[in-house]
Amino acid sequence: MGIDMRFGQWFLIAFLFGLASMPARADFEVFACEPEWTSLVREFMPDARFTTATSYLQDPHYIEARPSLIAAMRRADIAVCTGASLEAGWLPTLLQRAGNPKIQSGRPGLFFAADHARLHAPHEHVDRSMGDVHPEGNPHVHLSPDQLPRIAEALADRLGELRPDAATDIQARYIKWRVRWNNHRAEWQEKAKGLQGQAVVIQHTSFGYLLRWLGVEATIDLEPKPGLPPSASHLSELLSEPGLDAAGAILIASHQDRQPAEWLAKRTGKPVLVFPGTVTDEAPTETLAGLITTIVNGLEETMAGASYGSL
Ligand SMILES: [Zn+2]
């Protein structure tokens, strides 16, 4: 009798403990190729466990398939990556070495953001020997105010599919995120009015979608070919580019070498703007909305209303 009682109590405690731990999703393992996807999944499943393969200080095209990443991929319930060949140099090796059936090609556990976006400039990056291979189009789509909601919706659906018990909660969080995103987008649109028709010098197409959305032209690239580092000869050629005068700033990402931008800045007097190419660990750039706000504000402070040209 006494034993039965004790067993009953333990059973009750275990049962209640089980109930209490249900809302937590700490048992759901997320592997993200880039920090923007960690930040997006976290919006919908804040209690999941995350491993992020790259940081805003790294070039996402090139990383090493470290053993810790293989181990994280082995236990992942979902792998969220950009796709469109951005990770072509390292993701296939990781997937193969991890051998996790849940996230193999064609399985619901492997989610590519680019599959849910309309990519710009297909076939622009075509020769591997000449730089990055992005034949599907520019994969750096995470800063697109219009495309991100589509990606987010597909991602929330996928997470719900993989975790039906949490699907309602995930959908509710997605809807809240979408409302906030739309509000931000209206603010960015307002600020973009002052930036319409301005131009910047860029280095790679990292900010391409956002610039296009803002109406800012990016006709001059410090890279001679997409993915190839700026060379001295290319830089000196740029000095005689007819479009150079019209550029209000030189825009580069935190992970890029500043020297080429600074070299050009010294010769032209144009300001250099450095922004993280993706989310960071600190506010206000720890979310995609915060990052876009930071970039839009920075561009606006530097360029809005100013007129550039050789007169
Ligand atoms: Zn690229």
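This is a predicted model: local features need pLDDT of at least 70, side-chain atom pairs count only at pLDDT 80 or more; totals for chains, interfaces and linings use all residues.
Trainee: In what order do the four strands of the open sheet stand?
Mentor: Strands of a sheet pair through backbone hydrogen bonds, either parallel or antiparallel. Two strands count as paired if DSSP finds at least two bridges between them. In this open sheet the pairing is parallel, and the order is β2-β1-β3-β4.

Trainee: Which are the edge strands?
Mentor: Look for strands that pair on one side only. In the order β2-β1-β3-β4, these edge strands are β2 (49-52) and β4.

Trainee: What angle does the direction of helix α5 make with that of β4?
Mentor: Helix α5 (residues 148-162) packs on the sheet, touching β3 and β4. Contact means heavy atoms within 4.5 Å, while axes are lines fitted to C-alpha atoms, for helices over the stretch in contact, and angles run from 0 to 180 degrees between N-to-C directions. The direction of α5 and that of β4 make an angle of about 175°.

Trainee: Are the residues of β3 buried or exposed?
Mentor: Ile 78 and Val 80 point one way from β3 (residues 78-81), with Ala 79 and Cys 81 pointing the other way. Buried means under 20% relative accessible area, exposed over 50%, and partly exposed in between (1.4 Å probe, protein chains only). On both sides of β3, these residues are buried.

Trainee: How are α3 and α4 placed to each other?
Mentor: The axes of α3 (residues 67-74) and α4 (residues 91-98) come within 8 Å, and residues such as Leu 69 and Ile 70 in α3 are among those meeting α4. The two axes cross at roughly 60°. Angles under 35 degrees count as roughly parallel, over 145 as roughly antiparallel, 65 to 115 as roughly perpendicular and the rest as oblique. Therefore α3 and α4 are oblique.

Trainee: Which residue does a cis peptide bond join to Ala 283?
Mentor: Most peptide bonds are trans. Here omega is about 0°, and the residue in question lies in the loop between β8 (272-275) and α10 (288-303). The partner joined to Ala 283 is Pro 284.

Trainee: What is phi of His 204?
Mentor: Most residues other than glycine have a negative phi. His 204 lies in the loop between β5 (199-202) and α7 (208-214), and His 204 is buried, with a relative accessible area of 4%. Although His 204 is not a glycine, its phi is positive, about 75°.

Trainee: What distance separates the C-alpha atoms of Trp 177 and Glu 43?
Mentor: Trp 177 is in helix α6 (residues 167-192), and is buried with a relative accessible area of 5%. Its contacts include Leu 40, Glu 43 and Phe 44. Trp 177 and Glu 43 are 134 residues apart along the chain, yet their C-alpha atoms are separated by 7.3 Å.

Definitions and conventions
Residues are numbered from 1 along each chain as its sequence is written. Side-chain values use heavy atoms; hydrogens and water are left out. Helices (H or I, at least four residues) and strands (E, at least two) are DSSP runs, numbered from the N terminus. Lists of a residue's contacts leave out its neighbours within four places in sequence.
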